[in-house]
Amino acid sequence: MNKFSYFMPTKMVYGQGVVREAGASLALGRKALIVTGKSSARLSGALDDVLAVLPGEYVIFDQVENNPSVHTVIKGGRMAKEEGCDYVLAIGGGSPLDAAKVMAVLAVNDTHPMDLYKMGWKTRALPIVAIPTTAGTGSEVTQYAVLTIDEEETKKGLGGPDLFPRVSYLDPKYTESLPMDVTIDTAVDALSHLVESYLAKRATTASDLVALQGIALWGTAIEALRQGKVDLETRDALLLASSLGGIAIAQTGTALVHALGYSLTYFDGLPHGRANAVTMRAYLDYTKKVAPERVETILELLGLGSTEAFGELMGDLFAAHIGTLKLSADTIEKYVTKAMLTNNIKNSLGEPAEAELTEIMEKSIL
Ligand code: NAP
Ligand code: ZN
């Protein structure tokens with residue numbers, strides 16, 4: 001067996017009702033900065049549950065937008081500092097969770113977010129509690145935070161061991177209020193984490209165990225997603241699969257699908273998971289040439305006989321959006337050039353060159 005390390009310091013508390021059951025232990029300090037998006041924390045019922053049991057003081061920052069900006073994390077970090085918060089409690093999809101992680105750093109470091117990318121930070125981030133309301137990013141169990149960087153016209157991930165939330169509370173009921181399109185977008189993000197982790201150069205024996213279990217679990221949701229009828233049992237499977245995806249990419253990182261997806265979100269406005277869907281089938285076809293047995297294993301666990309069947313599934317899930325993405329040759333070249341600058345490409349089996357990434361982009365499903 002190859003050498004590997006495995007680090008996942010987040011305490012994960014999973015199941016219906018876990019937030020209220022946590023009671024006073026939800027608090028990790030005297031005063032919380034509660035970080036949310038505009039409406040989902042309330043809509044999902046998660047904020048009510050938190051406020052019903054949280055002891056001590058709190059202030060709410062509820063202005064996190066999708067794909068959070070540098071400006072937003074600066075505002076939240078300043079609020080935490082001015083209000084004397086000593087921990088951060090994040091509720092929402094990946095956007096509020098990621099923004100909260102950077103705010104937890106900025107609350108105790110006098111640094112501009114752009115400098116965090118270059119120099120890191122000296123003082124450990126405030127402790128973080130994470131409560132996801134989407135089943136997609138796995139941010140509740142990763143050390144990553146992704147921000148939109150306008151100067152570089154892209155999205156970029158930050159990472160650090162103190163960005164792993166101290167505790168995550170996962171209740172599938174919070175995902176019941178998700179509209180079907182967001183359910184599908186986020187589910188496909190979870191799938192892309194599981195698949196990219198299993199096909200990553202940095203995959204380890206331990207990350208494989210997690211990723212494979214997650215892929216099998218995700219497979220149980222396929223028919224419900226196809227029909228657009230997702231009950232609580234399916235949401236349960238998707239939420240756990242998405243956290244397994246987070247645990248897996250915390251060990252391995254992501255690969256070329258995410259690298260190309262960032263441009264599709266930045267320039268074309270595609271939601272993160274849908275941006276990943278664009279290239280996933282072509283990515284599997286490409287990787288099949290260098291690691292056929294790994295791709296076969298994924299397809300078997302999903303109950304799909306071939307990459308064509310995988311492509312059909314993506315086509316069914318995103319039927320309403322087919323034909324909406326117009327990518328010229330120049331645009332593809334720009335996205336490929338940007339992707340080549342990321343570590344994700346070096347982490348992709350086969351280490352694709354520009355020509356191969358171009359081919360993958362040309363086979364976009366949208
Ligand atoms: P999101 O951007 O957090 O949320 C998408 C939309 O869904 C928002 O409008 C949000 O509303 C709404 N929403 C969330 N939960 C809801 C609920 N329960 N009911 C109804 N509406 C709900 O989406 P996401 O896909 O979870 O996160 C994407 C971000 O995470 C991207 O920036 C991506 O790059 C990042 N990401 C991070 C990691 C990581 O490891 N850290 C991994 C992958 C992706 P509100 O605005 O009201 O909240
Ligand atoms: Zn993702």
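Which residue takes a positive phi just after H10? In this predicted model, that residue is Gly253, with a phi of about 75°.

**View 1. Helix H10 and the residue that follows it.** Helix H10, residues 232–252, has 21 residues and spans 30 Å from its first C-alpha to its last, which is close to the 30 Å expected at 1.5 Å a residue. Gly253, with its positive phi, comes just after the helix.

**View 2. The largest cavity and its lining.** A search of the whole structure finds one cavity of 30 Å³ or more, and the largest cavity holds about 40 Å³ of space. Its lining is made up of Ala135, Thr175, Leu178, Thr183, Thr186, Ala187, Arg235 and Leu238. The elements that contribute two or more residues to this lining are helix H7 (180–198) and helix H10 (232–252), and H7 gives the most, with three residues. Sorted by class, the lining of the largest cavity comprises four nonpolar, three polar and one charged residues.

**View 3. Strand S8 and its two parallel partners.** In a regular strand the side chains alternate between the two faces of the sheet. Strand S8 (residues 167–170) is covered on both faces, with Val167 and Tyr169 buried on one side and Ser168 and Leu170 buried on the other. Strand S1 (residues 11–14) pairs with S8 in the parallel sense over four bridges, and Lys11 stands opposite Val167. Strand S5 (residues 128–132) also runs parallel to S8 and is joined to it by two bridges, where Val129 has Val167 as its bridge partner.

View 4. The structure holds three aromatic pairs. In one of them, Tyr266 and Phe267, the ring centres are 5.0 Å apart and the planes stand at 80°, so the pair is edge-to-face. Phe267 also pairs with Tyr335, with ring centres 5.5 Å apart and planes at 10°, so this pair is stacked. The latter pair links distant parts of the chain, since Phe267 lies in the loop between helix H11 (256–266) and helix H12 (272–290), whereas Tyr335 belongs to helix H15 (residues 329–340), 68 residues apart. Tyr266, Phe267 and Tyr335 together form one aromatic cluster. Tyr266 counts as partly exposed at 24% relative accessibility and Phe267 as partly exposed at 27%, while Tyr335 counts as buried at 2%.

Definitions and conventions
Residues are numbered from 1 along each chain as its sequence is written. Chains are lettered from A and ligands numbered from 1 in the order in which they are written. This is a predicted model: local features need pLDDT of at least 70, side-chain atom pairs count only at pLDDT 80 or more; totals for chains, interfaces and linings use all residues. Side-chain values use heavy atoms; hydrogens and water are left out. Buried means under 20% relative accessible area, exposed over 50%, partly exposed in between (1.4 Å probe, protein chains only). Two strands pair if DSSP finds at least two bridges between them. On a 1 Å grid over the protein atoms alone, a cavity is a set of points where a 1.4 Å probe fits but cannot get out, and a pocket is an open set with protein on both sides within 12 Å along at least five of seven lines; lining residues have an atom within 4 Å of a point. Grid points are joined across faces, edges and corners, and a volume is the space filled by probe spheres set on the points. Ala, Val, Leu, Ile, Met, Phe, Trp, Tyr, Cys and Pro count as nonpolar, Asp, Glu, Lys and Arg as charged, and the others, Gly among them, as polar. The expected span of a helix is 1.5 Å times one less than its number of residues. Rings of Phe, Tyr and Trp (its six-membered ring) pair if their centres lie within 6.5 Å; planes under 30 degrees apart count as stacked, over 60 as edge-to-face and the rest as tilted.
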